[in-house]
Amino acid sequence: MVSLSPRRPARWFALLVLALIVLVGVPPIAIAQQTTTLRFWMSADPALEAAMDALLRGYMRTHPNVTVQRDAFPFNEYHQKLTTAFASGDPPDVFWMDVRTATFASAGSLLVLEKYLTPQNKADIIASGLIEPVWKGNLYGVPMHELTEGLFVNRTIFEEAGIKIPQRLEEAWTWDEFVTIARRLTRRTGERTDVWGFGVLRHLSDWSILPVIMQNNGAVISPDLKKATGYLNSPATVEAMKWYQSLFTTHRVISVDPIPDGFPTGRIAIFQAPSTYRAFLDARFPDFKYAVVPMFKGKRCAVTAGGWNVSVATRTKNKDLSWSLVDYLTRERHAEWVRTSGYLPVRKSLLQREPKFRQYPWGIFVDQLQQCQVHRPNTPAYNFFFDTFLAVARDAALGRDVQSLLDAAAARMDVSLSRGGR
Amino acid sequence: MAQNRVISPRSSGLARQRYLTAAVFLLPATVGIILFSLLPILQALRISFFDYALLNPEQIFLGADNYRRAFADPVFRIALNNTILYSVLLVVGQTLLALLLALLLKQEIRGRAFFRSAFFMPVVTSLVVISTVWKLMYNSQGFINGVLGTLGLGAQPFLASSTQALPSLVLMSVWKEVGFYMLIFLAGLQAVPGELYESAAIDGANRWTSFWRITLPLLRRATVFVMVVGTISAFKVFTPVYLMTDGGPADSTMVIVFYIFRVAFRYFEMGYASAMSFILMGIVIVLALLQFRLLRTTVEY
Amino acid sequence: MTSQRPGHLTVGREGVGFPSASRVSLTSASRVVERGAVYTLLSLLAVIFIVPYLWMIFSSLKPAVEIFKYVYPLSWRTFIPETFTLGSYRELFQLVPFPFSRYLLNSLFVAISVTFFSLVVNALAAYAFARLPFPGRNLLFALFLGTMIIPFEVLAIPLYLQVRSFGWVNTYQALIIPWIANPLGIFLLRQFFQDIPKELEESARIDGCSHFGAFRHIVLPNSIPALVAFALIRFQASWDAFLWPLIAAPAAEKRVIQVAIASFVTEVQTRWDLTFAASTMATLPIILIFLILQRYYVQGVIMSGLKG
């Protein structure tokens with residue numbers, strides 16, 4: 001590798017230059033084509049990508065002049081990838097978008113889809129699905145599906161302890177019942193915890209903790225999305241966060257750092273996770289016995305809901321064609337997508353048509369979606385909110401003073417909100 | 001070697017030939033650095049004087065406001081302190097350990113190649129993989145606490161503690177980087193002529209004195225490299241924080257580049273992020289110059 | 001570090017064999033004790049360096065159910081699988097739209113290209129900085145070094161725009177060419193080139209060698225350890241690249257391993273089984289390459305004589 005054959009320098013340089021030219025000078029040969037190419041981006045997941053490809057093949061069959069070029073990016077880096085693409089003027093035509101709709105819409109990156117979505121089409125979508133894609137009254141995306149959470153319980157542990165597993169929304173545990181059960185199921189040998197009563201998949205995130213705040217009738221940001229002080233540090237929010245903190249500190253039913261695969265390996269008895277977690281458990285841990293129970297409830301029931309919408313870039317050269325893809329994915333093939341992806345339906349027609357969504361366990365998620373759904377703040381400052389909230393929750397779990405944490409966080413949020421999301 | 005070029009007896013001709021050779025030798029690297037480093041840096045420098053929201057094409061000239069803002073930003077100050085602490089701990093730790101390993105492995109001992117390979121392996125392992133594996137090992141119910149438990153020691157919170165998180169990252173980084181610097185020291189040690197030790201031994205010097213008087217001075221160039229490169233890369237620490245701690249708990253692992261990344265890609269303030277980068281650059285350049293000066297050898301830099 | 005006087009030590013290296021501290025006289029008893037201490041220390045350290053790899057490799061051979069089951073408290077099951085399975089690897093080769101091997105080959109191609117061109121381009125530049133004084137040399141060197149310091153995160157977008165203006169988005173060029181010129185390499189190689197006695201080159205030059213001839217016949221053969229070390233670092237850096245390939249080459253057929261591995265962290269769960277198997281596949285080849293090169297490196301040290 002290092003020893004170089006004895007050639008004269010001139011020839012040797014020529015070789016190097018030649019190699020560089022070969023490397024640089026072979027541009028991808030453009031194949032003459034009459035077809036239009038739509039670029040479609042999604043968050044990476046081997047199973048979802050396969051499901052999406054099946055839909056896209058169907059679209060290309062019905063639209064023979066269109067080629068859809070699908071690319072997927074790791075979930076954690078998806079928004080960053082979108083951001084760089086928009087910033088350098090090279091965005092995809094059609095793409096997955098979530099609660100950050102406001103972030104991208106406020107910068108003018110997203111096409112308003114209001115005129116494309118017929119009233120009849122819109123009326124078929126459940127209320128929960130039309131919150132995240134809307135910003136300042138304009139619709140910037142159409143939901144593919146919805147996602148919400150429940151509590152997953154380890155059947156074996158529950159049966160051994162003789163604890164009844166609730167199966168309907170009305171039977172949801174109250175905070176006190178939940179703490180009692182979680183404490184009972186937590187097992188320790190000396191200082192070592194063998195089983196944690198409680199665990200959360202989206203550990204310490206706003207997604208997971210927002211329900212607790214809302215169950216206590218708290219808030220995080222003012223309804224006009226302009227202020228956090230007086231909301232994020234309101235008495236109800238502080239009280240909810242203190243209760244949540246007590247799960248880590250006083251009751252010690254949940255680990256400060258997440259236990260990887262702790263639930264299916266029997267180290268966590270009750271696990272708060274999204275509805276799609278079922279597909280994961282069934283595929284990866286087929287012998288593991290679990291049950292789904294509704295989220296615990298405080299003064300009211302509350303569970304975070306959200307999901308992926310399909311949006312179109314303002315810069316696309318093919319607006320109508322892009323819409324046809326959006327419509328195909330979200331309306332025509334909605335039932336197939338829901339079936340293959342494991343997400344929850346977002347269309348009333350499908351919810352009515354398929355009885356399984358009214359039965360256990362789907363029924364729990366669907367009922368929660370329609371009766372308890374709360375949403376993360378749809379503000380251009382969502383990323384800042386996400387980071388700030390995560391930091392607060394982590395510090396609270398370590399036992400720091402909740403009031404002062406929330407006061408400081410609210411002050412920081414105010415600055416960010418006043419900058420218009422930056 | 002059939003070289004047609006005749007060395008000119010006149011020194012001006014020699015110099016001209018030398019400049020020409022230097023230009024040819026430097027051309028590819030210079031073109032690469034100008035196109036793919038310098039031009040983007042100049043672009044970033046320009047951006048640092050603007051209010052440049054990543055998603056918004058509209059740019060507003062701010063003058064030095066972004067720079068002033070950085071010095072008033074409490075998070076930037078915390079990040080700066082954490083970065084300095086991280087860098088000092090890491091550079092000192094890895095330099096000393098690398099020197100120790102190099103001295104141990106310089107001796108003719110059995111299994112030298114094995115040990116050298118073992119210590120070098122993390123250098124050629126992806127930082128993403130290492131961060132992922134170490135995060136799992138640092139878990140409250142992870143491998144390291146398993147070992148501590150077996151040894152009868154108490155479990156530690158590691159990344160879940162605001163006092164242990166940063167030292168835990170340093171420990172992992174020493175593990176990851178030390179092999180490379182060990183190799184640099186080893187290569188430097190190979191250059192120390194054996195006779196020097198022999199003559200020193202004849203003069204009655206013990207090993208300690210010969211280490212101080214012969215080995216260390218000859219390792220200067222290697223030390224300059226290890227310290228300067230170590231400092232530069234320590235100041236740019238990002239991946240472990242991004243994958244393992246997210247800057248917490250309680251901002252205890254919030255380091256500059258991670259903060260810059262957040263401001264740029266999550267809060268879209270490219271102008272402010274660029275300004276902080278140039279402040280970082282200034283600090284690192286001053287540090288590098290100081291190290292060059294402190295470790296100056298007779299050869300000019 | 002104290003200020004010392006090293007100048008006169010750089011002469012008279014010809015014909016020196018392997019230096020060794022053990023030549024300094026020691027009584028045999030204390031030598032045995034010392035050897036024992038050295039071995040104990042080295043072995044302990046070696047265990048710390050190797051255990052994470054063992055854990056990773058063994059975890060990749062377990063079914064998903066087992067990976068975290070026995071991690072804590074520690075037992076021999078922490079490492080040795082109850083059920084050996086290659087299922088995770090099988091799944092990696094059945095990924096859509098491309099099997100993981102495709103991403104491995106992409107990374108391999110990119111890393112080898114970067115390493116090769118990097119060695120040539122930076123060694124030439126380093127030689128010029130080490131041996132060919134010209135006006136403004138130190139300034140240029142400082143400028144090169146300075147470009148190392150700006151974090152890549154703020155340069156990503158300007159660099160992307162630059163690469164796009166060449167029409168390289170989604171090409172291998174985008175993944176290779178920006179990373180050829182490397183100030184760190186120039187710095188490293190310059191430090192080593194400076195350590196080679198000038199007299200050798202001068203005598204070669206008197207024999208009619210050009211600068212290039214001296215570079216190739218005197219400097220390069222005497223710098224093999226540094227060149228191999230630099231090659232490894234370059235290879236590793238390219239192999240490790242994540243953010244840039246993510247930005248510059250979004251298409252799946254150009255995907256590199258780090259992006260592929262990150263894709264196992266999905267919205268719902270982290271696929272730890274795939275992560276461990278893919279990490280193992282991303283780690284072992286490069287360690288293998290390193291172990292092979294290690295032989296050359298040791299040989300290079302012995303054969304070159306001068307540096308050994």
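**Confidence and contacts**

Q: How many contacts beyond four places in sequence does the model have for residues 1-25 of chain C?
A: Here pLDDT, the predictor's confidence in each residue from 0 to 100, stays under 50. A contact means that two C-beta atoms, placed from the backbone, lie within 7 Å. For residues 1-25 of chain C, the contacts beyond four places in sequence number 42.

This is a predicted model, in which local features need pLDDT of at least 70, side-chain atom pairs count only at pLDDT 80 or more, and totals for chains, interfaces and linings use all residues. Residues are numbered from 1 along each chain as its sequence is written, while chains are lettered from A and ligands numbered from 1 in the order in which they are written.

Q: What is the mean pLDDT of chain C?
A: In chain C, 87% of the residues reach 70 or more. Over residues 299-308 of chain C, though, the pLDDT is below 50. The mean for chain C is 82.

Q: How many residues of the side of chain B that touches chain C are nonpolar?
A: Chain B brings 94 residues to this contact and chain C brings 91. On the chain B side, 23 are polar and 10 are charged (Asp, Glu, Lys and Arg count as charged; Ala, Val, Leu, Ile, Met, Phe, Trp, Tyr, Cys and Pro as nonpolar; the others, Gly among them, as polar). The nonpolar residues there number 61.

Q: What are the ipTM and pTM of the model?
A: Let us finish with two scores for the model. They are ipTM 0.86 and pTM 0.88.
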